[in-house]
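Here is a short tour of a protein model, written for someone who likes to look at side chains and helix packing. Please keep the viewer open as you read.

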Amino acid sequence: MPLVALTEFGEFPVGVMTLELGEEPGQQPLSVWYPADSEAVAGMETEIYDSSQIIPEAFRSLIPDSMQGAVETNSYRDAPLADGSTYPVVIYSHGFGGHRDVAIFLTTHMASHGIVVASPEHIHRNLPAQAFGTAESSPEKDQADVANTLTALDAVFGDSADTTRVGIIGHSAGARTALNALANEAVLAAIPLAGGGTAPPEAADKPILVIVAELDLTVPTENSLASYDSAPGPRTFVNLAQAGHNSFTDSCPVILAGGGLGVLEPLLGAEQVARAEDGCMPQYADPLAMQAALKHLATSFFLSNLTDRIDAAVTPEFADLIDGVELADYREAG
């Protein structure tokens, strides 16, 4: 079948809800996006996300207004699930110093194509933990979050979310989480995004899509290429030309439009500001084009590996279908 760029919303409106992974309310939230009932959302207002809420209150007054504000998510809070089907599951694992809602452009997009998408707050390495100097790298806690996410989805969605048919995408530090999760029998496919790590032996028959940014200053492309080379099973490597580490986040277009984060140097330091701007300044590819590329790649990859869709596939020709996207490298093996 002819290749179609899956850059537009799918057939489903998108519902959003917040579940709990911790024992106390608000201790460890889990954001979930899912295919919603189209009749039930008629007349409902879409969710407006207040991006300032991700910033610890102690630091909020120091952040310029241009870096905060409302974001239209095109999703409906607590809308009923679209019934009549069982949907595959995709987990999104955020990076070190990140947060669960860092890529709403992607999570809502995949949900609109018939996937239940869940993003746990890794409280041991999220933005507040980094701000207060308590962040830690813990693969064990990452995998506990993955397992607890599947348990929470089972409890709320039952058979409507197929937690035996799971994919995972992880950005930066989350890339390692994604690769390690392939040891879980339920996790069938993984996308390490702008990160490194090594797939376990259990991944021998599980497809991996390694996506990297050509100009990434935070995680060199060589690290991600090593993940590709060492993967034991079918694998694909996509290097997006002129992209940077944070080209795949909601905040990147905002940073670009605001002229960068120089005003935050007294608070964060020059090194941290440079990391935050990685991919989001004029010398990089348009972050909206990179978002479109990721929408297509992730949605195609998971639909082709978690469902019986035959019109979705990852091929190098996709770059010809999306304005502003070029490939620096593309490889397949296994």
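## A histidine in strand E8

Let us start with His 171, which lies in strand E8 (residues 161-171). Helices (H or I, at least four residues) and strands (E, at least two) are DSSP runs, numbered from the N terminus. This is a predicted model, in which local features need pLDDT of at least 70 and side-chain atom pairs count only at pLDDT 80 or more, while totals for chains, interfaces and linings use all residues. Residues are numbered from 1 along each chain as its sequence is written, and side-chain values use heavy atoms, with hydrogens and water left out.

With a relative accessible area of 5%, His 171 is buried (buried is under 20% relative accessible area, exposed over 50%, partly exposed in between, with a 1.4 Å probe and protein chains only).

## Helices H4 and H5

Next, look at helix H4 (residues 139-157) and helix H5 (residues 173-180), whose axes come within 10 Å and cross at roughly 65°. Axes are lines fitted to C-alpha atoms, for helices over the stretch in contact, and angles run from 0 to 180 degrees between N-to-C directions. H4 is therefore roughly perpendicular to H5 (65 to 115 degrees; under 35 is roughly parallel, over 145 roughly antiparallel and the rest oblique).

On the H4 side, Pro 139, Asp 142, Gln 143 and Val 146 meet Arg 176, Thr 177 and Asn 180 of H5. The residues of this contact divide into two nonpolar, three polar and two charged. Here Ala, Val, Leu, Ile, Met, Phe, Trp, Tyr, Cys and Pro count as nonpolar, Asp, Glu, Lys and Arg as charged, and the others, Gly among them, as polar.

## Arg 176 up close

Arg 176 sits in helix H5 and counts as partly exposed, at 25% relative accessibility. Leaving aside neighbours within four places in sequence, Arg 176 is in contact with Ser 137, Ser 138, Pro 139, Asp 142 and Gly 196.

## Helices H2 and H10

Finally, the axes of helix H2 (residues 104-112) and helix H10 (residues 287-306) come within 10 Å and cross at roughly 40°. That angle makes H2 oblique to H10. By class, their contact has six nonpolar, three polar and one charged residues.

Methods: Contact means heavy atoms within 4.5 Å.
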